[in-house]
Amino acid sequence: MAEQAKNGKNQEPLVVGRLHKSFGSQKVLNGVDLSVARGETVVVLGRSGTGKSVLLKLLVGLQQPDSGSIRIHGQDIGGLGMDQLNEVRKKIGFLFQQAALYDSLTVEQNVEFPLVRHTTLSDAERGKKARDLLASLGMEKDLNKMPSDISGGMQKRVGLARALALDPDILLFDEPTSGLDPITAAEIGQLIVKLKKERNLTSVVVTHDVHGAKSFADRMVLLRDGKVVIDGTFVQLEKSPDPFVVQFLKDAA
Amino acid sequence: MSFFEWFGELGLFCGQVVRAAFGAPWEGRELVRQMDSIGSKSFPLVALAGAATGVVLSLQTRESLTRFGAKAMLPAVIVFSLIKESGPVITGLIVSGRVGAGIGAELGSMRVTEQIDAMEVSAVNPYKFLASTRVLACLLMLPLLTLAADASGIFLGWISTTLSHPMTLRLFLHNGLRDATLNDFLPPICKTAVFGLIIGFVSCFQGMRTRGGTEGVGRSATSSVVLSSLFIILADVILVRFIQVVFPS
């Protein structure tokens with residue numbers, strides 16, 4: 001295991017092979033292959049119900065695949081026990097579609113939540129780290145507000161700060177701009193670019209907003225019926241003769 | 001889902017919660033918060049219900065006892081009835097209504113808004129942070145709440161009695177507790193700890209397996225109350241017989 005982890009340092013941080021997942025008779029993922037290089041931002045596109053969010057949940061072990069492999073830093077997470085999986089999870093940040101902030105905690109306490117349990121920082125150090133993170137995302141004035149008292153865009157920023165609290169090297173975004181107005185959505189896009197530059201994060205972004213994703217995507221992967229239709233840059237997508245890709249880009253315009 | 005599947009899953013859930021409860025990190029702050037939410041905030045309702053039961057017992061049994069010439073037994077009837085059965089069951093049912101619905105709805109909404117997923121992704125065990133703290137709080141607070149219901153019931157039972165046949169509280173308690181032994185007090189109080197476990201486990205289980213948006217949250221809240229009340233009544237029947245056999249008066 002240690003050797004596997006050591007080798008993993010030279011490997012792509014995230015590699016998915018022949019991933020299958022069904023719910024009852026409904027096949028959601030049907031042999032998905034995906035690899036993401038260090039510091040790369042890959043956008044996963046597709047219509048609603050094509051398994052984009054399921055793919056993200058499989059990557060952090062929230063759901064189990066029917067078959068296929070998921071390697072995080074070279075380590076196959078399929079056979080890991082809960083303690084080992086949790087060690088892997090500490091290196092992954094996850095921004096949920098609705099931010100998923102804890103209702104009973106303030107903005108600052110939400111960001112401190114993982115720090116309290118996984119670091120040996122003192123109360124003062126923890127508070128400073130949480131406040132610094134929130135300030136870097138423009139949320140320094142709302143530390144003591146409850147999640148229900150801030151807007152959807154602000155909730156996403158707090159969710160992002162919480163995802164970054166343990167200094168992950170992989171960041172997963174589930175529909176980061178959905179339900180936001182165009183200006184706030186663009187701001188979230190800029191934050192993704194900023195984080196990529198500052199932290200050299202490896203990111204997977206699930207979205208159906210292809211044009212918004214152009215600003216931060218290194219590569220785009222389009223899913224259809226649980227399979228990858230095309231994997232390439234936005235320019236390659238635009239040049240693709242595949243009728244589904246053409247139609248998807250046309251509908252998204 | 002079949003009846004047996006549900007029980008099987010509940011059993012697995014209880015196992016996970018018990019395993020999660022032992023070992024660091026200790027969620028002391030969350031446990032205290034839950035003890036306050038479950039215990040302190042249920043106190044007024046439980047005390048009121050206990051008081052009402054004491055008054056009703058006094059009013060209802062006085063007439064019957066007078067008819068059989070056993071009016072002097074009234075304090076003992078009130079005290080024994082409250083301590084051995086009315087207090088524990090009323091407390092269990094009231095807490096299952098107030099707390100069971102609260103836990104079912106809170107954990108249910110955390111499930112459907114992906115807050116529990118977010119906790120797992122943060123490498124925090126929700127069985128520990130959410131479930132074990134609530135189950136432990138229910139286990140600890142139910143006996144204390146039962147004592148409160150018993151005390152307020154006995155006090156209001158005395159007031160109701162003394163309004164028609166004046167007697168001091170001291171005399172009332174002396175008559176009521178004269179023949180009581182430790183076996184009359186302790187087993188019923190311990191019984192309520194089992195009620196607490198039932199409320200905690202069933203409500204957390206129903207909440208954490210919620211599916212189907214806000215409608216699902218509503219279903220979880222309702223089923224938490226219905227199932228925990230049902231199991232409290234069934235457990236009471238079994239435990240009363242168990243206590244009679246193991247702790248004879």
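The model is predicted; local features require pLDDT of at least 70 and side-chain atom pairs pLDDT 80 or more, while totals for chains, interfaces and linings use all residues. Residues are numbered from 1 along each chain as its sequence is written, and chains are lettered from A and ligands numbered from 1 in the order in which they are written.

Chain B contains nine helices and zero strands. Here helices are DSSP runs of H or I with at least four residues, strands are runs of E with at least two, and both are numbered from the N terminus. From the N terminus on, the elements of chain B read α-α-α-α-α-α-α-α-α. Its C-alpha atoms fill a box of roughly 70 × 35 × 35 Å, taken along the principal axes. Of the 249 residues in chain B, 45% are buried. A residue is buried if 20 or more other C-beta atoms, placed from the backbone, lie within 10 Å of its own. Contacts in chain B were also sorted by sequence separation. Among those between residues at least 6 apart, 89% join residues at least 24 apart. Two residues are in contact if their C-beta atoms, placed from the backbone, lie within 7 Å.

Two packed helices are described by the angle between their axes and the distance between the axes. In chain B, helix α4 (residues 74–112) packs against helix α7 (residues 169–177) at an angle of about 70 degrees, with the axes 7 Å apart. Axes are lines fitted to C-alpha atoms, for helices over the stretch in contact, and angles run from 0 to 180 degrees between N-to-C directions. α4(B) and α7(B) are therefore roughly perpendicular, a term that covers 65 to 115 degrees. Pro75(B), Ala76(B), Ile78(B) and Val79(B) of α4(B) meet Phe172(B), Asn175(B), Gly176(B) and Leu177(B) of α7(B). Six of the residues in this contact are nonpolar, two are polar and none is charged. Ala, Val, Leu, Ile, Met, Phe, Trp, Tyr, Cys and Pro count as nonpolar, Asp, Glu, Lys and Arg as charged, and the others, Gly among them, as polar.

Chain A holds an open sheet of six strands in the order β6-β7-β8-β3-β9-β10, with mixed pairing. Strands pair if DSSP finds at least two bridges between them. Four bridges join β6(A) to the parallel strand β7 (residues 170–174) of chain A. Gly93(A) has Leu171(A) as its bridge partner in β7(A).

Between the chains, eleven residues of chain B are in contact with 14 residues of chain A. On the chain B side, five are nonpolar, three polar and three charged.

Conventions:
Angles under 35 degrees count as roughly parallel, over 145 as roughly antiparallel, 65 to 115 as roughly perpendicular and the rest as oblique. A residue is buried if 20 or more other C-beta atoms lie within 10 Å of its own, exposed if 12 or fewer, and partly exposed in between; C-beta atoms are placed from the backbone.
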